[in-house]
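Subject: Structure handover and notes

Hello,

Here is the structure you will be working with. Please open it before you read the notes below.

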Amino acid sequence: MQEYYSFSSTEYLTDPEALEAVGSRGRRVMELASLGAPISPGFLMLNDTLNRIAADEKGVFDMLQDPIADMEQTYGKQFDDPDNPLLIKVVESPMLNMVNTFSTIHNIGLSEQTVEGFASYVGQQFAYHEFGNVFANIAEMELLSEGVPAARKKALEKAKSAFADAARQKDSKKAVVTAIEKNRSVFPDEVFTDCYEQLRYVLKLYHQLFQINQSSSDSAILVQTMVFGNFGKESLFGTFSTRDIITGESGISGEFFEGAFDETAIKGKPIAKIAPKYKSALDKIGSELEKHFREIRRVRFTVEQGKLWVIDQNDVVNKSAQAELKTLLDLHKKKVIDDKYIIETVKPGRLSEILHPALDLGSVKGFGTAEGGIAGSVGAAIGRVFFDTDELIKAYRMAVQKDEDANFILAMPSTFAEDVKAIEVATGVLASEGGYASHAPVVARSLGKVALVYPGIEWGDHQMKIGKKIVKQGDYITLNVPYYEDPTIYFGSGELTKPSPEGSGLLEFLAICEKHITPDFDVHCNGDQPKDALLARKFNAHGIGLCRTEHMFFAADRILKFRTMIITANREDREKALAELKKFQVKDFYELLKIMDGLPVTIRLLDAPLHEFLPHTRESMDEFIKYFRKIYPKVTEAEVRARCDLLKEFNPMLGHRGIRVAISYPEIYNMQVEALFEAAYKLKSEKMNPKPEIMIPLIMSETEMKTIRNGKRIEGKAIVGIKEIEERVKKKFKGGSLDYKVGTMIELPAAALNADQIARYAEFFSFGTNDLTQTTCGLSRDDFNGFFSDYNEFDLLEANPFKILGPQVKELIKIAAERGRLTRPDISMGLCGEHGAEPENIVYVREAGLNYTSCSPYGIPIAKHAVAKMNVAAEAAAGAAASA
């Protein structure tokens, strides 16, 4: 192996063994040279060479002559020329790509003989500033050495301070000359007068430091020509990224600084305004770098007296998810990368970021912050804080009417069903109780809003205290909830970039994924509103896997009617209220089925406990009492309150909800089923192809399922079955047969274990893994995070079971799937809990034999990507096996 390896835009290494020996920086510079970039020339000295020549004064000079001559020839300057000297920098090139390495020593070659020649081009102030820093940096490096005697250490510290201070003076020449006179004895005289001796002294220091630092013991040395953007006429410095790091728009993006050494001296100009001859060269460099590295790169360059030089290039850590994706898509179009590469390279969480606003970090500089918490729904949100749903809604309406800022953030200890309307109009929600699978994050994910659970918030009257910061109602905060980093609350109003699936590259990426998704396993959408269905169609979901009908009743024009229905005294009054609500339900179902024409739409009949619909605040209770007594004036206010109180339960999650409500009040499900069939038959009459699927929630046994499906009559009472209702509506519309299914949500261990019997009456299973996790593990999703950190600290749980399916829940899914298929081989099965968009869960549910996963609209791209990635891996494995 050679002692050194020279490099330039036409000379570079390709031998793998030699590339390994020149270290990480060496490999980067060789990579840049191999692309034909106009890099300033230099050479790499191997570690063995440095060890050999460190104590050999003659050997140093013999070794340095040829590589420096190569640099001189390429660059057109002489190393020790008193009129126009070539200056160099010395850098550590470690074997590993380390962040912390020994400092770079710049401008070696500035001596008492050459500094004036350099000053004639760059000015005396700059020249002597750099001259003084050469000795300050040498002193600083020597201070890092072990065993420096106390007297020597004191002298070095004094010299370092003197040279650094002198470099900063207005008259840097006078100050640096004085500093040399006072500190000349600190270094050998040749360090001030002889360029080669100065270089030898620096190399010797690097050698000493490498010996005492284990991580640097095998490092190589990079020696490279210095270039200057303030070197007379037609000189400049610039920096650019190979494309816009926020939007991903192709074409270089950056600034240049005329007559400047770096970006600190003057205000920059847009790179688009640089001279055309440089712009075209930089465009080409940017394009080649993207093709080679397959990502956005940041480049620093200098033009010195009309000659373009690339200083270095590296990756861009703060690029947006959209920019990253659009880069890969452009490379895919150019056939630089294939489907497999782009599918395997994209990180799932980055897709989620594309669908949510991104924070401009520069806009929140200097803001107070509170870091940490649980990411409920990723993205960034800015708004005025409100602590009450009704007050937020009122402020929102006023802001819209007055054309004022209508960005609000709902902040509460925890949210309930009646707070959905506030989350819907807010930009984000901040809670202190619960976790990833609690109410606020679940609703936020379904609506595409930002959610953060930040434990430890102290709540007061129209204010909250986060750490030492008090935030009052109406104050601005900014929530930043990224996928791969810790969330942050900024106290103040930042700036956002607005998301859009169109133009972001997301739809094009999903089209690539779709090529690798087969009909045997696909992605459905959890959606309750037409906008959810439209988004599902846009993301090519193959159906709606869960429509939570309880969400439909919280609209302002329905909630009071629904509450009235709940507390009426008899069935006749309930049916009267339900008749009014039915008109809304027909419209709801009609719109969803129409949008999803030809695809299955799974409608879950009312599941939530009835008390969740009742007022939770004094203001909403007063409003309801007024409404109810207008209809039933003989009922007193006290009686209304008493009826509401009677519906409260000690454990509502396992109480009067789901099918249990249908057994007690069959008229509620009757109305929903009738509305669904009316909507479906209306669409059939319009030559459309609706495919409704009726899901019965919270089933324990086959007898419950049989009763709801087929109906049951006892003395004085009757439950009308779904089948009978469908026949009745069919006659009304005089329609042909309707393609519909009846199934259930498997969310109780009893249902999972009894799946073979339930499958006699269920044509599909949908696994509700939120409640299945709660009932299997005995965990409350709203309270779990209060002690999850303790369990995590002692490694008692590998992951959050409300995010990653636990082993016991997995086993129940597998048992239910196997038993269900034994009874009904063609049964359709899917997962529709909040676990549905997690790639790790998707792999398992497919292995367990399910046909689809269903998730919130904004989770569809992540789930689609996960399925495609799973299939691409299987395709590669099959190909490898076939060729073996």
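This is a predicted model: local features need pLDDT of at least 70, side-chain atom pairs count only at pLDDT 80 or more; totals for chains, interfaces and linings use all residues.

Residues are numbered from 1 along each chain as its sequence is written, and side-chain values use heavy atoms, with hydrogens and water left out.

Helix packing

A word on labels: helices (H or I, at least four residues) and strands (E, at least two) are DSSP runs, numbered from the N terminus. Axes are lines fitted to C-alpha atoms, for helices over the stretch in contact, and angles run from 0 to 180 degrees between N-to-C directions.

Helix H6 (residues 124–143) packs against helix H8 (residues 172–183) at an angle of about 25°, and their axes are 8 Å apart. That makes H6 roughly parallel to H8 (angles under 35 degrees count as roughly parallel, over 145 as roughly antiparallel, 65 to 115 as roughly perpendicular and the rest as oblique). The crossing of H6 and H8 is left-handed, a term used if the near helix is turned anticlockwise from the far one by less than a right angle; clockwise is right-handed. On the H6 side the contact (heavy atoms within 4.5 Å) includes Tyr-128, Phe-131 and Phe-135, and on the H8 side it includes Val-176, Val-177 and Ile-180. The residues of this contact divide into six nonpolar, five polar and one charged. Here Ala, Val, Leu, Ile, Met, Phe, Trp, Tyr, Cys and Pro count as nonpolar, Asp, Glu, Lys and Arg as charged, and the others, Gly among them, as polar.

H6 also packs with helix H10 (residues 195–212), at an angle of about 25° and with axes 10 Å apart. H6 and H10 are therefore roughly parallel to each other, and their crossing is left-handed. Among the residues in contact are Phe-135 and Ile-138 of H6 and Tyr-201 and Leu-205 of H10. By class, the contact of H6 with H10 has nine nonpolar, one polar and one charged residues.

Helix H20 (residues 559–567) and helix H22 (residues 618–631) have axes that come within 10 Å and cross at roughly 70°. That makes H20 roughly perpendicular to H22. The crossing of H20 and H22 is right-handed.

The largest pocket

About 1,200 Å³ of space lies in the largest pocket. On a 1 Å grid over the protein atoms alone, a pocket is an open set of points with protein on both sides within 12 Å along at least five of seven lines, a cavity is a set where a 1.4 Å probe fits but cannot get out, and lining residues have an atom within 4 Å of a point. Grid points are joined across faces, edges and corners, and a volume is the space filled by probe spheres set on the points. Of the 46 residues that line this pocket, Asn-318, Lys-319, Ser-320, Arg-350 and Glu-353 are the closest to its centre. H12 gives the largest share of the lining, five residues.

The cavities

How many cavities of 30 Å³ or more does a search of the whole structure find? There are three. The largest cavity holds about 60 Å³ of space. H25 gives the most to its lining, with four residues. The lining of the largest cavity divides into ten nonpolar, two polar and no charged residues.

Regards
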